[in-house]
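Colleague: Could you take me through one part of this model in some detail? I'd like to know what surrounds it and how its residues sit.

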Amino acid sequence: MQGNDQVHSWTLVTSQALDTAWRVVKGSVTLAVSLLAAILSYFRRLHMHLGHRLKWWIGYLQRRFKRNLSVEAEVDLLSYCAREWKGETPHAKLMRKAYEELFWRRHIKCVRQVRRDNYDALRSVLFQIFSRGLAFPSWMKEKDIVKLPEKLLFSQGCNWIQQYSFGPEKYTGSNVFGKLRKCVELLKTQWTEFSGIKDYHKRGSMCNILFSDALLECKLYEALKFIMLYQVTEVYEQMKTKKVIPSLFRLLFTRETSSDPLSFMMNHLNSVGDTCGLEQIDMFILGYSLEVKIKVFRLFKFNSRDFEVCYPEESLREWPEISLLTENDRHYHIPVF
């Protein structure tokens, strides 16, 4: 009996020891599992947090450093049309037919979308001049265009030029000459640089840089506006001396709102870049001033004689041809053949 009691006692002690050991091990394992779960949960939350922060920073950096191109890359013409004109209205059907005409008969395969603002006609023309590396107009080669603002004031007594507006900037007073000089100087520098580059791809890369800088762009467009004003002033002086002038200028000066260079500037040119873009008569003057033939496909005039027009109609020499397309005579894009 005593032996059985000893065996039972040892069994009990062993069982209690094993039970205690198991509870200790179980507790340790549970604690370890809980700790591991907590660590995994913490790292998962940290990973998600860091992921969100990294995503935010990537987006921020992309927005901060992405080139905000004012002339976008080429896209397929018919795909662009299908995206923009989905409806079944008569106007939408007309637009689709006009785009099909450009694609199948005029061999225009792509289009470059141009930022829709009140500079887009000037932007569309200047982008093509630079991207194609076109040379200076002949009259610009003979004159230093940087000195033209002072020439208008001192040689021709055009004091009214102090009322010139730089887009949304309404009035600059005596500072106008310095600002205009800087704008024209930038135009001359950039034009000289682009026309001297023979490699097409390099010109394209430089265009992407230039046409993503809004401040530089505005200066270039204001320079173009001034070049137009200078030409109007020159032709007006010729008209006063009974010289023969191009018919487009006779049309310009017969309007009450542009009977002379001052009224042309105040009533039309000062608004360009601010509240309106170029009118058709302005497109004539732009083409004449830059010595380029601007061909415009007016899609809303499809199936009429005004579907395709040229500014100016009568080019004095074999000027380079630049093409634009418009859906409404207000905003322009660049067709790519």
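Modeller: Happy to! The buried residues of α7 are covered by elements that include α4 (120-131), α5 (138-142), α6 (148-155), α8 (200-210), α9 (214-240) and α12 (280-290). Here helices (H or I, at least four residues) and strands (E, at least two) are DSSP runs, numbered from the N terminus, and contact means heavy atoms within 4.5 Å. Please keep in mind that this is a predicted model, in which local features need pLDDT of at least 70 and side-chain atom pairs count only at pLDDT 80 or more, while totals for chains, interfaces and linings use all residues. Residues are numbered from 1 along each chain as its sequence is written, and side-chain values use heavy atoms, with hydrogens and water left out.

Let's start with the helix itself. α7 covers residues 176-195, 20 residues in total. From first C-alpha to last, α7 reaches 28 Å, close to the 28 Å expected at 1.5 Å a residue (that is, 1.5 Å times one less than the number of residues). Its buried residues (under 20% relative accessible area; exposed is over 50%, partly exposed in between, with a 1.4 Å probe and protein chains only) are Val176, Phe177, Leu180, Cys183, Val184, Leu186, Leu187, Gln190, Trp191 and Phe194.

Val146 sits in the loop between α5 and α6. Leaving out residues up to four places away in sequence, Val146 touches Arg181, Val184, Glu185 and Lys188; of these, Val184 is among the buried residues of α7. Val146 is itself buried, at a relative accessible area of 7%. Between the C-alpha atoms of Val146 and Cys183 there are 8.6 Å, although 37 residues separate the two along the chain.

For another enclosed element, turn to strand β2 (residues 110-114). There 5 of the 5 residues are buried, so β2 is largely enclosed by the rest of the structure. In a regular strand, side chains alternate between the two faces of the sheet. In β2, Cys110, Arg112 and Val114 point one way, while Val111 and Gln113 point the other way, and all are buried.

β2 also has strand partners (strands pair if DSSP finds at least two bridges between them). Strand β1 (residues 71-76) runs antiparallel to β2 and is joined to it by 4 bridges, with Val71 opposite Val114. Strand β6 (residues 332-336) also pairs with β2 in the antiparallel sense, over 3 bridges, and there Val336 stands opposite Cys110.
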